[in-house]
Amino acid sequence: MAATVVVGGFFGDEGKGKIISYLALRDDPEIVVRAGVGPNAGHTIQLGDRKFFLRMVPSGFVNQRALLLIGAGVLVNPKVLLKEVEETSTKGRIGLDPQCAIIEDAHVRREEESVHLSKRIGSTRSGVGACAADRALRLAKLARDLPELSGFLMDVSGKIHEVLRSGGRVLVEGTQGTFLSLYHGTYPYCTAKDVCASALCSDVGIGPKDVGDVIVTFKSYVTRVGEGPLEGQLPREEVERRGWLEYGTVTRRERRAAPFNFELAKRAVMLNSATQIALTKLDVVFPEARGARDYRDLPAGAKEFIRMIESATGIPVTIIGTGPSADEVIDRRADQE
Ligand code: GTP
Ligand code: MG
C-alpha cells in the first residue's frame, strides 16, 4: 500500500480541511498524519452543523478509528495542541514525533515585535518563523524535552511504515499551499518552510517511493491572506459581489481574491507531481452545483470549467466540493480506474 498526500495548490486555504475529512471518512485510513509548517495554518472542518478550526490536530480526527500523528518536521505549540486534543476528544489516539520542534512564547513575541515579519511579510504571528529559525540554528527545544508531552510521543515514521507494510492506508495532510513555499513560492512573501508534496513526505518520514497519489487541492477561485503578489486580484466590492469574501481561520484577516489561475494550477501540478485534483467551492462559483453528489447533476458551466482545468493541467479533477460539509462531495475516483 502507498500513502496518499494532500497538498495545497495555491496560497493555502483551498479547503484542505474539508477534503481531508472527507477522505478520512470515505477511505478509512489507519493513519492520518499532519505535515507542513505548524499552527500558522488552520483547517476548517464542518460535520453537519458542527464546525472545528484546527491548527495542530489532524483534520482526519473525524474518523474515530484513525490513529492521528504529527510528523517530525512540524513545529508544535504545546498549548494549541493540548487545547485541540481536549476539544476533539482525541487523547489516546494522537501521537507526535519526539523530534517535533517546540514553539515557545518567546517565539510568538519575537514575531510580534518583528516589523519585518508581522508588518512587511504579513505573518500570522504564531511564532513559526522564529521557531524555524531557532531550529535551523539548533537552538529550538524538541517535543522529547517537554514532560507535559511525554504521553504523546511516538515513532511517527516507524508507525507509518509499519502500517504501509501491512497493507494499511496512510493519509498525509499538508498545510499552506504551493506558492507559500519558502523555495517555490513568492519569496519573501511566503512561509518558513517548503510546503510542496516532497517536503510533506520529508516532514513525516516517508520517501518518494512510498507515495501513490498526490492530490493537489484548488479552490474554484484564488485567495490570499497577508502580503505578496496575487495576479488578477479583484477589487474588494467585486469580491463581495461574487460572494468570495473570506476571513482567515488563524488571524481573521480578510482574504484577497482573484479568479481561478490556470497557469498557477499547471505549475502546482508540476511542482507536486500531482496525480489528481480536488476542487473545492464549486458551488460558490456555480450556485446550481450546491449539494450535488453526482457529476451528471452539475450545471453545464461547471462541467466546462472542470474540463478546462483538466485540459490545462493534464490530470483529472476527481474530488469536487459542492458545499461546506465533509460529505458534500462528488467523488469521481472510481470512474478513473
Ligand atoms: P485549508 O487551509 O486548505 O485547510 O482550508 P481551510 O479549511 O482553512 O479553508 P477555510 O478556513 O477558508 O475554510 C473553508 C470553509 O469553506 C469551511 O467552512 C468549509 O466548510 C468550507 N468549504 C470547504 N469546501 C467547500 C465547498 O466545496 N463548498 C462550500 N460552499 N464550502 C466549502
Ligand atoms: Mg486554512
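1. Conventions. The model is predicted, with local features requiring pLDDT of at least 70 and side-chain atom pairs pLDDT 80 or more, while totals for chains, interfaces and linings use all residues. Residues are numbered from 1 along each chain as its sequence is written, chains are lettered from A and ligands numbered from 1 in the order in which they are written, and side-chain values use heavy atoms, with hydrogens and water left out.

2. Shell of ligand 1. Ligand 1 is surrounded by 22 residues (a heavy atom within 4 Å of the molecule). The closest are Gly 42, His 43, Arg 255, Lys 281 and Asp 283. By class, the shell holds two nonpolar, 11 polar and nine charged residues (nonpolar: Ala, Val, Leu, Ile, Met, Phe, Trp, Tyr, Cys and Pro; charged: Asp, Glu, Lys and Arg; polar: the others, Gly among them).

3. Polar contacts of ligand 1 (pairs of N or O atoms within 3.5 Å). Oxygen atoms of the ligand lie 3.1 Å from a polar backbone atom of Glu 14, 2.6 Å from one of Gly 42, and 2.4 Å from an N or O atom in the side chain of His 43. Taken alone, ligand 1 exposes 640 Å², of which the protein buries 92% (Shrake-Rupley method, 1.4 Å probe). Elements giving two or more residues to its shell are α1 (16–27), β3 (43–47) and α10 (282–285) (DSSP runs: helices H or I of at least four residues, strands E of at least two, numbered from the N terminus).

4. Sheet. Nine strands form an open sheet of mixed pairing, in the order β7-β5-β2-β9-β1-β10-β13-β14-β15 (pairing needs at least two DSSP bridges). β7 (94–96) and β15 (329–331) each have a single partner strand, so one side of each lacks a neighbour in the sheet. Neighbouring strands are turned by 20 degrees against each other on average, direction ignored (axes are lines fitted to C-alpha atoms, for helices over the stretch in contact; angles run from 0 to 180 degrees between N-to-C directions).

5. β1 and β10. Strands β1 (residues 3–8) and β10 (residues 211–219) pair in the parallel sense over five bridges; Val 7 has Val 216 as its bridge partner in β10. Helix α9 (residues 262–272) packs on the sheet and touches both β1 and β10 (heavy atoms within 4.5 Å). The direction of α9 makes about 160 degrees with that of β10.

6. Backbone. Tyr 187 and Pro 188 are joined by a cis peptide bond, with omega about 5 degrees; Pro 188 lies in the loop between β9 (170–173) and α7 (197–204). Asp 13, in the loop between β1 and α1, has a positive phi near 60 degrees.

How values were computed. A polar contact is a pair of N or O atoms within 3.5 Å; within protein, one must be able to donate a hydrogen and the other to accept it, and residues adjacent in sequence count only if both atoms are side-chain atoms.
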